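Please open the model in your viewer and keep the selection tool at hand. The stops below take you from one selection to the next.

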Amino acid sequence: MDGEALKLRTQLARPDVSAEEAKRVLSVEYDLSGALTELGSQQDRNYRVDTEDGRFVLKICRMEYARVELEAQNAALHHLGATAGAPKVPAVIPARNGEDIVVAIVRDVPYQFRLLTYLDGTPLTRRKHLPAQTVAELGDLAGRLASALKGLDHPGLERELQWDLQRAGPVALQLLQTMTDVDLRKRVAEAMVAAMRRVQPLMPELRVQAIHQDVTDDNVVSRVEGGRLVPEGVIDFGDVLKGWLVAELAVTCASLLHHADGDPFFILPAVQAFHAAFPLTDVELEALWPLIVARAGILVASTEQQLEIDPDNAYVRGNAAHEREILDVALSVPFALMEQAIRRTVGKGAAPTVPLTAGRLLPDIEPSRVGIVDLSLLGPHLPADRWHYEDTEALLLQSAARAAGTSATRYGEFRLTETRLLQARSPATFALHVDLCLHGQTAVHAPFAGHLGRRGDKMVLSTDGLHLHLHGIEQAAEGAIEAGAPIGVVSGDPPALGFIRVQLSTEAEIDPPPFATASQAEAWRALCPSPAQMLGFDCDAPLPAAGELLQRRQRHFARPQKNYYRQPPQIERGWKEHLFDVEGRAYLDMVNNVTIVGHGHPRLSAAVGRQWSLLNTNSRFHYASVAEFSERLAELAPDGLDTVFLVNSGSEANDLAIRLAWAHSGARHILSLLEAYHGWTVASDAVSTSIADNPQALTTRPDWVHPVVSPNTYRGPFRGEGSTVDYVRAVTEKLEELDENRVGLAGFICEAVYGNAGGIPLPPGYLQAVYAMVRKRGGVCIADEVQVGYGRLGHYFWGFEEQGVVPDIITVAKGMGNGHPLGAVITRREIAEALEKEGYFFSSSGGSPVSSVVGLTVLDILHDEALQENARTVGDHLKARLQALGERFPLVGAVHGMGLYLGVEFVRDRETLEPATQETAAICNRLLELGVIMQPTGDHLNVLKIKPPLCLSRESADFFAEMLGRVLEEGW
């Protein structure tokens, strides 16, 4: 086909064949009838056909496309259908005359018709976000398809097509001539020139074979598995031809860029998987990114032209926005960076090298007297409350320079000072440069010979393969310069201090950024190596090794002690409701009910430090803080509950409460609720029946534990507020059974709000009725407030207040120590003293001086910072935001709880309440990517357990609601 013919074909509209006309052809030629639904296409017209015999696709093509080309498509389908390991593809259905292709005339115009089986599944394009695993599976599918097509040969594969990246240059030239948007035309033209300039010298070594050429998110069908899409089949072979093998992957990767949230590195799992299925050569790896850019340019230019020809084509118009996004992402990074990233992801990246330099950049400074300023997450120079101020870096450098004469930051350091709170994207925190603070007018010399020139506000010294970028230089003379020659001085007049920034680049055309994101750090390091050699001192920061650390944890830390997430970030610092990993990424902590007053609270830190410096011992010694703390706790409890035990955890508190019930009642048997969790000790585990925490919980309870149906008013057997009488009846029946068996009742334990189920309130009056029945039988009533108490509910300090009852024993822990091991049991004196029949009680660190000071300080902070009130106001606001999401997204079944103990329950069906367990796990993983720590809870693990520090700001609450809304919008 000559250029004019190709040009003509790029300007074709879809066949003008209506559904009724297609039905007639279908009946005559294929003896089929059914309902027709139009499917999207750029230049074909396709209909899905629903018949009693199954689903099919009727494909209608203009006569300008040679029959041999359509025969090649059919040949590819036959070939793949018979090849082991190939992805699923449609099958070709012959017409009544036995032909795979028939010509029929519609309104005096002949068209070519084909019928294929319909592949059921969901196109990936419907999901805005794709997990890395799905991206990798798409790359694997494309690689397996290319491998299966390797042996295919057919005359119709020798064709000229506008999508053939072998012809990207000429096709782009034709398409650009018709574009009316001048700015867009210029942008696409520059992109195409830059891309093809890199590809051209590589063309002779690029392998050629049969390729699909359109393995995109539109043309891959997937099954839903575990709440995500798993690619398994390929459709639309309209672009199959004999082309560059690497173009198969380039097309796939380009289609992924509108799912990438602006990060081109998003494609790397697909590259790695394709390479594993069908290894690429070094030349193909080098050509890959330029071909992705070229594909992006062709997509945008072709769409603009097609809309001029066929403005009513909803399919093309619908793709226009994400094709522009593909181009934007493709042009957001340098070619050299992506080549490095691609090579590294397949294990072919080279370590950065810097040519030996002839001299030092700053020969007048003494390397041994340079003060290195550590701005990393654990840097000793970062004050707890100043890490996020804009001037922190400069002030710390100046302070260190006054002490040492010269100060410097570290290259390759993830700086906490560069992180940003409440951001969906990871910030650029990895330093690709070194900043120095030293005396003004300090001489700066050329470490190597080259050409010195000005670029904006900096000087650049260039030689072959190395470019030195310098900020803060004055009196510099431009032009050729010898190694060791002076090139200027540091700005500033003595004795004032000046600043200079030093950065290297191996690429002449790149203006390197000062910082890189964590995902791009390794590739940027290859292009911007360390300047330590020319500075003359070690300024390189060690890289974090979160993966190795996780392996060490798993090697020695007992496996039953699980961690959040399969690939967890390494969290080493916190501040208020925020957590930070070692790469400087900030996360909103929405799950940490342990840290009730917030992370890194300076008041608590100071109190603990002071007490440690004075005394820490066990509570059998006499000191003031244990008396003061016990008194404060008793004052918080209802009248009559005036006696306090101090322990180390909620599990110990509940264990002790059960022992107190045994001792006081003289009986053994305990009534508890199903779906509850009370701890890990022998006694607290015995009354815990949450199968999410222990899958064997329902079959391994000791005979003294008697669980009753959980009063879950959302998904329990009785629902709504009117269910109280039914749930009370269930307790009555259990108690009557115990009475008949003459079993003495020691007590009843439950949370006043169903914590593990996501904060579901008990039905009104439930505890009043149950407490009365228990006490009538001589039992004590235990309120487990470990998770829901201590002001977290906002509207109440204790959860049992919402039910209008007073328990006999209160257990509390978690938040009362803000992460310090601290728990308490508050009860009546006669119950407490009943334990003396069994001997005295002792906890080595329960109520120690440090523990008591921690507890007192937390109570002071709760009061002084009005955190219970904050839990109420911010919690009510957040709950309203979450309920609004429930009105938009059917997956949200209900929003439970109050204050800052909330639960969002996800269901697949609001009638059957089928739990959306796998979807909930996927949502939590996606929220982590967006900067939110969240975990599932409930027996079905389908509830978001929302229990952040009580200092949660309204802004943070809004960020969480927005990120959850964003995840739900992505296709759940």
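Begin by selecting I267, W289 and I292, which touch the most other members of the largest nonpolar core, a set of 109 residues. Such a core joins buried Ala, Val, Leu, Ile, Met, Phe, Trp, Tyr and Cys residues through side-chain atoms within 4.5 Å, where buried means under 20% relative accessible area with a 1.4 Å probe, protein chains only. Helix α9 (residues 282–309) gives this core its largest share, 14 residues. This is a predicted model, in which local features need pLDDT of at least 70 and side-chain atom pairs count only at pLDDT 80 or more, while totals for chains, interfaces and linings use all residues. Residues are numbered from 1 along each chain as its sequence is written, and side-chain values use heavy atoms, without hydrogens and water.

Stay on I292 and show its contacts (heavy atoms within 4.5 Å): beyond neighbours within four places in sequence, they are A250, C253, A254, L257 and I267. Apart from this core lies another, of 98 residues, including V644, L927, L950 and A957.

Next, select the open sheet of four strands, ordered β37-β38-β41-β40 with antiparallel pairing; strands are DSSP runs of E of at least two residues, helices runs of H or I of at least four, numbered from the N terminus, and two strands pair if DSSP finds at least two bridges between them. Because β37 (892–898) and β40 (936–937) stand at the edges with a single partner strand each, one side of each has no neighbour in the sheet. Between β38 (residues 901–906) and β41 (residues 943–946) there are four bridges, and G903 has K945 in β41 as its bridge partner.

Terms used. Buried < 20%, exposed > 50% of the residue type's maximum accessible area, 1.4 Å probe, protein only.
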